[in-house]
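Thanks for coming. Please have the sequence and the structure open while I talk.

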Amino acid sequence: MKTLFKTLFTIAALGLSTQPTLAEKEARFLLGGKSSGSKQTPKSHGSYAKGCLAGGEELAENGPTWQAMRLSRGRNWGHPDMIAYLKRISAEVARETNWKGLYIGDISQPRGGPMISGHASHQLGLDADIWMLPARDLKLSRRTRETLSSSDVRSSNKKSVSGDWTYTHMQVMKIAASDPAVDRIFVTAPAKIYMCKNARGNKKWLQKIRPYWGHNHHFHVRLKCPKGSSGCITQKPTAAALSKGGTGCDETLNWWVTAALKPAKPNPNKKKKKVKKKKHPRQFVMADLPNQCSKVLRSR
Ligand SMILES: [Zn+2]
């Protein structure tokens, strides 16, 4: 009896003393706890929804053609290629349209990685949300940037664009998509349908515009893996990208505003497939991310 007691006691003590190693700790708290970029050569490591960012650069809160929004989140950091892209296209928007520039929402955390709340992607410093609200005032207070809401460009029945959508939105998205650094842009389907109908001239840029759920208050720009980021995993090209001259303006687009909106009918004969539940990025531990992310975390 005495021996059993002793054994149990030892097991309990051992259990208590096992601290989680760095590899076992939750990535979102570690990477999300950093308030500055790592002092490393800029590189995106991993994939858009499983990775991190070395040498992240901060997008200035104010610029001649942009405002960084929701500053309290600390997500105005990106790969230097992304920061340069945002400056470049916001300047073009100011030059070519009746907007003064762009309101920039979330990019990434200073060192990228999974976040405590929100996005699954935005982990490499290569994703950025751009507000649908036309930028008219470029001197917003910090407080206004927290409380201001963006425009909703989708109608309440989700089938068409709303009254807040304008021709200029298309001009802005064309500028954003035409830049060679862009891999794809996610936007609500009614916006893409509008653009397919109303775009004039060369429509090649439409190939990069992808319909997706949500994305009616902002559009989401995803850049290609930058040169020099050998550990960066890009996404598979879309069918439209693979077919020469494809724009994605076909019948499949209508699915988003028809069948996709109907509630699924229960089918009693259909056997439920057992699918292994994938971890959400918020559950990632450091060991789930590329090895380089531990270095990014520990770097100055
Ligand atoms: Zn986004």
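**Disulfides, zinc site and a helix**

I start with a disulfide between C225 and C232, whose sulfur atoms are 2.0 Å apart. This is a predicted model, so please hear everything that follows with that in mind. The torsion about that S-S bond is -75 degrees, and the link of C225 and C232 is left-handed.

How many disulfides does a search of the whole structure find? It finds 3.

The next one joins C196 and C249, with 2.0 Å between the sulfur atoms. Here too the value about the S-S bond is -75 degrees, and the link of C196 and C249 is left-handed. C196 sits in helix α6, residues 189–198, and C249 in the loop between α7 (239–242) and α8 (251–255), so this pair links distant parts of the chain, 53 residues apart. C196 is buried, with a relative accessible area of 14%. C249 has 31% and is partly exposed.

That leaves C52 and C293, with an S to S distance of 2.1 Å. The torsion about their S-S bond is about -95 degrees, so this disulfide is left-handed. C52 belongs to strand β2, residues 50–54, and C293 to helix α9, residues 292–298; the pair therefore ties together parts that lie 241 residues apart in sequence. C52 has 0% relative accessibility and counts as buried. C293 also counts as buried, at 0%.

What is the pairing if we number the bonded cysteines of the protein chain in sequence order? The pairing is 1-6, 2-5, 3-4.

Now the metal. Which residues coordinate the zinc ion? They are H122 through NE2, D129 through OD and H220 through ND1, at 2.1 to 2.3 Å. The spacing of these donor residues in sequence is H-x6-D-x90-H. D129 is in strand β8 and H220 in strand β11, residues 218–223; this pair links distant parts of the chain, 91 residues apart. Both D129 and H220 are buried.

S108 is located in the loop between β7 (102–104) and β8 (127–131). Is S108 buried or exposed? S108 counts as buried because its relative accessibility is 0%. Leaving out residues up to four places away in sequence, S108 touches G74, R75, N76, W77, M115, H122, Q123, L124 and G125. H122 in that list is also a zinc donor. For G125 there is a further detail: its backbone nitrogen lies 3.0 Å from a polar atom of the S108 side chain.

S155 is in the loop between α4 (142–147) and α5 (167–178). With a relative accessibility of 15%, S155 counts as buried, since the cut-off for buried is under 20%. Apart from neighbours within four places in sequence, S155 is in contact with S160, V161 and S162.

Next, helix α3, residues 80–96. Its 17 residues should span 24 Å at 1.5 Å a residue, and the end C-alpha atoms are 24 Å apart, which agrees. Which residues of α3 are buried? They are M82, I83, Y85, L86, I89, S90 and V93. Looking down the axis of α3, these buried residues fall within an arc of 155 degrees, so they line one face of the helix. On the face turned away from the buried side, α3 carries the exposed residues R95 and E96.

Last, the chain as a whole. The secondary structure of the protein chain comes to 9 helices and 11 strands. The C-alpha trace spans about 85 × 55 × 40 Å along its principal axes. The protein chain has 300 residues, and 46% of them count as buried. Taking contacts between residues at least 6 apart in sequence, 76% join residues at least 24 apart.

To recap the links: C52 is joined to C293, C196 to C249, and C225 to C232. The zinc ion is held by H122, D129 and H220. I will stop there and take questions.

Key
Residues numbered from 1 in each chain as written. Predicted model: local features only at pLDDT ≥ 70, side-chain atom pairs only at ≥ 80, totals over all residues. Heavy atoms only, no water. Helix = DSSP H or I, 4+ residues; strand = E, 2+ residues; numbered from the N terminus. Buried < 20%, exposed > 50% of the residue type's maximum accessible area, 1.4 Å probe, protein only. Polar contact = N/O pair within 3.5 Å; in protein donor to acceptor, adjacent residues only side chain to side chain. Contact = heavy atoms within 4.5 Å. Expected span 1.5 Å × (residues − 1). Arc of directions from axis to C-beta. Donors = N, O, S within 2.8 Å, 3.2 Å for Na, K, Ca; no water. Disulfide = S-S within 2.5 Å.
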